[in-house]
Amino acid sequence: MATGVYEAKKKDGTRYYRANIHYRAKHISLGSFPTFEEANTVYIQAREMLDDADATLPEAFFHYAKIPFEKTVILLNFRDNGMYLGTPIYLQSQHFFVYYLSPEVELKFDNDDLFYYSGHKILQRGGHLYINDYGMQVSLLSRYGIKNYAVMGTDYEFVNGDSHDFRYENIRNINPYYGVSRLDENGRISYLTRIHINGNYQIGIYASETDAAIAYNKAVDLAKNAGIDRNYPTNYIAGLSASDYADIYTKIKVSKAYREYLKNVH
């Protein structure tokens, strides 16, 4: 058997071949393949790539196309930056890194997130990015306080226009609270609160985001008191004492139309 290629068998007796490479005192798996030829080709290309000082990303994806793209990133990052990571991350500088979702798609993150994403693989489904975290599918955007139903351009935006740039300075959370939308009418900012009960019901328009968020919480409480059995999330307002919250909650007004609607709920 050639160097770096090992024969193995599945439980049903089917043969397959594992490719591995030893580099910088570390034994690295390159993957499993149905034929010896495929495994051997991957091993040879990995060895050549590591020895090629001109091999860089993303060009290496095409010059060494037989290597699984994730392994290409992992190997070159290990070679260039001295860090072996289990996910396709390449350290670009002391400030940020690139996570290769595919050979064509690069996601940028602050180095503060390096530990997290080196242990959590990013997945994509239906255009949405998520992570499996403790057995749960967690939206990538939720790490920035962006709600699952949020709409790009309305509830949040990428400051530089690059939707693949997830560095914190590039993500602006316009509407961080449930049921609250920011209104901008000729430079005059206000906040619209709505709740969804067989359609969207307007609760009111408020001068501050905090008032709008508390108005939503009050609308949720009124719905529950009226017998609407839904698991509505509520807003947590950081930096507001319990007494201040209670004062605003008591004084905040909810639309008459909404109250009248609740009277007729059965």
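Buried residues (those under 20% relative accessible area, with exposed meaning over 50% and partly exposed in between, for a 1.4 Å probe and protein chains only) make up 41% of the 266 residues in the protein. The model is a predicted one, in which local features need pLDDT of at least 70 and side-chain atom pairs count only at pLDDT 80 or more, whereas totals for chains, interfaces and linings use all residues. Residues are numbered from 1 along each chain as its sequence is written, and side-chain values use heavy atoms, with hydrogens and water left out.

The protein contains seven helices and 14 strands, where helices (H or I, at least four residues) and strands (E, at least two) are DSSP runs numbered from the N terminus. Its radius of gyration is 26 Å, well over the 18 Å given by the globule rule for 266 residues, so the protein is more spread out than a compact globule; the radius is taken over C-alpha atoms, and the rule is 2.2 Å times the number of residues to the power 0.38. Taken along the principal axes, the box filled by the C-alpha atoms is roughly 80 × 45 × 30 Å. Among the contacts with a separation of 6 or more, 39% are accounted for by residues 24 or more positions apart, contact meaning heavy atoms within 4.5 Å. The protein exposes about 15,300 Å², of which carbon and sulfur atoms supply 49%; accessible areas come from the Shrake-Rupley method with a 1.4 Å probe, and for residues only the protein chains shown count as cover.

Strands of a sheet pair through backbone hydrogen bonds, either parallel or antiparallel. Strand 4 is joined to strand 5 (residues 96-100) by three bridges, and strand 5 to strand 6 by five. Val98 of strand 5 stands opposite Tyr90, and in strand 6 the bridge partner of Val98 is Lys108. A hairpin through five residues joins strand 5 to strand 6.

A second topic is the sheet with the order 12-13-14, an open sheet of three strands with antiparallel pairing. Here strand 12 and strand 14 stand at the edges, each with a single partner strand, so one side of each is left without a neighbour in the sheet. Strand 12 and strand 13 pair over six bridges in the antiparallel sense, and Asp184 stands opposite Ile189 in strand 13. Helix 5 packs on this sheet, touching strand 12, strand 13 and strand 14, and its direction makes about 15° with that of strand 13.

Helix 5 (residues 209-225) has 17 residues, which at 1.5 Å a residue should span 24 Å, and its end C-alpha atoms are 25 Å apart, which agrees; the expected span is 1.5 Å times one less than the number of residues. The buried residues of helix 5 include Ala212, Ile214, Tyr216, Lys218 and Val220. These buried residues of helix 5 pack against strand 12 (180-185), strand 13 (188-196), strand 14 (200-206), helix 6 (242-251) and helix 7 (256-263). Just after helix 5, Gly227 takes a positive phi of about 95°.

Most residues other than glycine have a negative phi, and most peptide bonds are trans. Ala25, in the loop between strand 2 (15-23) and strand 3 (26-33), has a positive phi near 65°, and this residue is exposed, with a relative accessible area of 73%. Tyr134, which lies in the loop between strand 8 (128-133) and strand 9 (136-139), has a positive phi near 55° and counts as exposed at 81% relative accessibility. A cis peptide bond, with omega about 5°, joins Leu57 and Pro58, and Pro58 lies in the loop between helix 1 (36-51) and helix 2 (60-63).

Note on methods
Pairing = 2+ DSSP bridges. Axes fitted to C-alpha atoms, helices over the stretch in contact; angles between N-to-C directions.
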